[in-house]
Every structure is written in C-alpha cells, then in structure tokens.
Amino acid sequence: MCLEQQALSQILETAIVAARLAGQHAMEEMNYVKATLKNPTELVTDADRHCQQLIVDRIKESFPDHGFIAEEGEPGRIFKRAPRGEPAIWWVIDPIDGTNNFAHAIPIFTVSIGVLYEGRPIAGVVFDPATESMYTAVKGGEAQLNGRRIETGQDDIAAVNSIGLDSHFGDPLPSWVARIIRQSRFRNFGTTALQLAYVAAGGLIGTVVCTPKLWDIAAGVMIAEAAGAIATDWRGRPLFPVDLDNYEGHAFDVLVANRKVHPRLVEWIGA
Ligand code: IPD
Ligand code: CA
Ligand code: CA
C-alpha cells in the first residue's frame, strides 16, 4: 500500500505536536529532576517516562491503531505495541535523548520521534526544546528546521570542520577514532538525535555513532537523508529495512555524513 501525501502530512503534524508537548514538559521538569540508575552506565529520570506517556497518548488520539516502539518500558524492557490492521505503521520514540545531560541540568537534549512503514522511516521529528529547534522530514519532502529547508553541506574533513562522535567506543580505542579526533574538530553533544539533525543542517559534516538503538536514530536518519546525507552502518551497508515485529532493542552502528565525507569515513573505518 502506498501512503498518500495527506496521510503523511497528518502523521508529521502529530509528531510535531507530540514532540513539542514533551519537550516543553521536559524543560519544566528539569527543575526538579529525579534520576535513578537504569543499569551500571545509564540514568533514567521520571521525566523520561512522563514525556513518553505524553507522546504516546497524543499519538493514540490521532492514530489509535498504530504501533509503538519506545525506549521506556517495564524495568529492563522497551515499550512495544504492535500496530493493528493496515497500514502497519510504527512510531519509534525516544522521549528524552540526552538523559545524562538532562539529569545534570545541562539543557542539551532532544525529543526524537520517527515513523516507520515496511521497516523504513517515512517521517521524523527531532525537537531541541532549549533552542526551540524543530527538525522535520517526511518521505518525498525536504528536511526542514522550523519550517525552512535545510541541506547538508559539502565540506570535507578538515581541521575547521566538525564530526560528531559517540562516547562509548571500546577499549582499545579504534585508530580511526583517534584519526577523526586529530584531523577534524570533533564534537559530542550527548544526544545522538541532535548530532544527526546537525548533520542534516550542515553544522556537522558527519557523525559516527557506536551502539545506538532504533529510537536514537530513526528520526534523525530520516531527516539527515532528506537533507542529502548518506546514512549507513560503519561498513557502508544500508540501515533499513528493520524487522520491527522482531525488534527488541538491538544496537546498530551508524555513520551519517555528507556525500563527500561519507565515503572517506567508510574508508577510514575499514582501513
Ligand atoms: C543516549 C544519547 C547519547 C548516546 C547514548 C544514548 P539516552 O541516549 O543518544 O548521545 O551516546 O548511547 O543512549 O540514553 O539519553 O536516550
Ligand atoms: Ca537515546
Ligand atoms: Ca532516552
């Protein structure tokens, strides 16, 4: 089945409203954060769960039969509900991407909402509430920041150009990570979704992500690709389609960059 442009517009509108609701709520709740350890290396806050509930409730109002994959489920689990009937559309949600920043009152975090059909993104929204920046894209359309078109740049790897890196590379640190650090102006913002949005807008020439889950990347990859970026795994292979019926939170490895930088980074990583 082919999704009509009108249906896509309604989906995007709903994603925008839900992301704004959750982002605004998170900014308020940042003043009284309650964080606990989710596992030895990750924090979770009450706000993560509250924001996710706001988002899911808002989407259900418009699309009661759609499915959900979201980060915060019962302890140790993801939240998952399969779509009912056709078209089988999944909403993939990270209510707060950048929880560690959020828990430490660093206002660099995003709400990330991707929408997938037949295992591939068809819409994506990344909202940065601190700067009121709404990054959006819908299948067949352009990538936008607050309603204005954005495109990746054409800048090459250079000392004055920034590449986003993740923060959990294994030991020993791969030599290509050191190469990126030495030969570019590397950045880590603590939110993968925002790094993907910055690739879309051209502020980063690329980003390399270690062990993201689907909710970290679904929206950002949609937006980055619509802006002209190439998104693959570290070996240059496609990320999608993903088998959503069987997705239980496995990690990807992801490389998203402008068209000039992507092949160079695939080569560096593979060397
Ligand atoms: C995290 C952020 C961070 C990345 C971590 C993610 P969370 O998401 O995207 O940038 O390095 O791997 O877990 O936990 O704040 O939603
Ligand atoms: Ca995340
Ligand atoms: Ca999260």
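Trainee: What kinds of residues, by class, make up the shell around ligand 1?
Mentor: The shell has seven polar, six charged and one nonpolar residue; Asp, Glu, Lys and Arg count as charged, Ala, Val, Leu, Ile, Met, Phe, Trp, Tyr, Cys and Pro as nonpolar, and the others, Gly among them, as polar. This is a predicted model, where local features need pLDDT of at least 70 and side-chain atom pairs pLDDT 80 or more, while totals for chains, interfaces and linings use all residues. Residues are numbered from 1 along each chain, chains are lettered from A and ligands numbered from 1 as written, and side-chain values use heavy atoms, without hydrogens and water.

Trainee: Which residues are the closest to ligand 1?
Mentor: Asp97, Gly98, Thr99, Asp166 and His168 are the closest of the 14 that surround ligand 1, counting residues with a heavy atom within 4 Å.

Trainee: How far is the side chain of Asp166 from a ligand 1 oxygen?
Mentor: An N or O atom of the Asp166 side chain sits 2.5 Å from an oxygen of ligand 1. For Asp97 that distance is 2.7 Å, and for Glu71 it is 3.3 Å; the cut-off for such N or O pairs is 3.5 Å.

Trainee: How much of ligand 1 does the protein bury?
Mentor: The protein buries 87% of the 370 Å² that ligand 1 exposes when taken alone (Shrake-Rupley, 1.4 Å probe).

Trainee: Why does ligand 1 lie between the domains?
Mentor: Because domain 1 (5–149) and domain 2 (163–270) both give residues to its shell.

Trainee: New topic: which peptide bonds are cis?
Mentor: Asp171 to Pro172 is cis, with omega near 0°, and so is Phe240 to Pro241, with omega near 10°.

Notes. A polar contact is a pair of N or O atoms within 3.5 Å; within protein, one must be able to donate a hydrogen and the other to accept it, and residues adjacent in sequence count only if both atoms are side-chain atoms. Domain bounds come from an automatic or database domain assignment.
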